[in-house]
Amino acid sequence: MNANAIALGVNRGWITWRSTNSSREGLFNLFFYNAIPLVFLIVSRDSTLPGTDIALGAKLLPGMLALMVVFSVMGTAYYLSTEREDGTLLRAKAVPRGMSAYVVGLAFVAVMDVLVSLAIVLVPGMFIVPDVPVGDVGMWIGLIGYVVLGLIACLPLGVLIGSAIQSPRVIGGFGFLITMGLAMVSGLFFPMQDLWGWVQVLVQALPLYWLGLGMRSVFLPDAAAAYELTESWRTLETLGVLGAWAALGLIAGPILLRRTARRESGAAMEARRAQAMQRT
């Protein structure tokens, strides 16, 4: 991938992100859905974890930030499915270095979604939630590291979903519900210890649990580790699992996109567009 393809991809990604979020509906969705977590932080402001003086909001905030990363991945699935339907992917396939630029564009949109969502939730959250270690350099290094690692680890799932599901409306509806369901059982908001054993095993195979655990480890004091499954932050395991998912993503993501692009044709695009017109 050369510099020209990267520049084209960044430009394409910026145009896509700006056009999506500059409309009245896009701005409403951007701020409304990212403001919902702030309501929960305000409501739980005076609550603490049982038996400690650790603020409940301090546990919820890193879980919400991890969820923002995953929602950006669902955004990747939505963009990919939409651009399969409107012919953008087919056009990218037809031009030189088009697919390389398309990959960069998808990644850029995901990064922008994450940055804006984190800013909307994290900046007010630092003032709402007591005892956030704002002045701790280690917290910021850990936060940035886990966000980057989480994005790379989760992006292939977005590409897989966007490649497998043809309708962006299905992704927008069921994708949101599935993501929230995973968040509920991944320990982002509630302890996992009360869940069935097989659910705990299944969830630990996915990157969302480890991303949330890593986020909590940089926001919370060591005493809060007692509320985790093994009563520890499992930092090496977290880095190992997320690193494995990230390596898989760097390998599998481009392969999935190339296979999806090879299946694209004018006839397939027109068939999807006709189905979409019938639904509307």
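Here is a short briefing on charges, salt bridges and aromatic rings.

This is a predicted model, where local features need pLDDT of at least 70 and side-chain atom pairs count only at pLDDT 80 or more, while totals for chains, interfaces and linings use all residues. Residues are numbered from 1 along each chain as its sequence is written, and side-chain values use heavy atoms, with hydrogens and water left out.

**Salt bridges**

- A search of the whole structure turns up 2 salt bridges (a side-chain nitrogen of Lys or Arg within 4 Å of a carboxyl oxygen of Asp or Glu).
- Arg216 pairs up with Glu228, and their closest N and O atoms are 2.8 Å apart.
- That pair links distant parts of the chain: Arg216 sits in helix α9 (residues 207–219), and Glu228, 12 residues away, sits in the loop between α9 and α10 (helices are DSSP runs of H or I with at least four residues, numbered from the N terminus).
- Arg216 counts as buried because its relative accessibility is 1%, and Glu228 is buried too, at 6% (buried means under 20% relative accessible area, exposed over 50%, partly exposed in between, using a 1.4 Å probe and protein chains only).
- Arg234 and Glu237 also meet in a salt bridge, at 3.1 Å from N to O.
- Arg234 is buried at 13%, whereas Glu237 is partly exposed at 41%.

**A positive patch**

- Lys93, Arg258, Arg259, Arg262 and Arg263 form a positive surface patch (its residues have over 30% relative accessible area and no salt bridge, with like charges joined within 9 Å).
- Lys93 belongs to helix α4 (residues 88–94) and is partly exposed at 37%.

**Aromatic rings**

- The count comes to 6 aromatic pairs (ring centres of Phe, Tyr and Trp, taking the six-membered ring of Trp, lie within 6.5 Å; planes under 30 degrees apart are stacked, over 60 edge-to-face, the rest tilted).
- Phe32 and Tyr33 are edge-to-face because their planes are at 80°, with the centres 5.3 Å apart.
- Tyr209 and Trp210 are edge-to-face as well, with centres 5.0 Å apart and planes at 80°.
- Both Tyr209 and Trp210 are buried, while Phe32 is partly exposed at 40% and Tyr33 is partly exposed at 46%.
- Phe28, Phe32 and Tyr33 make up one aromatic cluster.

Terms used:
Patch = residues over 30% accessible without salt bridge, like charges linked within 9 Å, V, L, I, M, F, W, Y side chains within 5 Å. Areas by Shrake-Rupley, 256 points an atom, 1.4 Å probe, with all protein chains shown as cover. Lys, Arg positive; Asp, Glu negative; His and termini not counted. Charge placed at Lys NZ, Arg CZ, Asp CG, Glu CD. Helix = DSSP H or I, 4+ residues; strand = E, 2+ residues; numbered from the N terminus.
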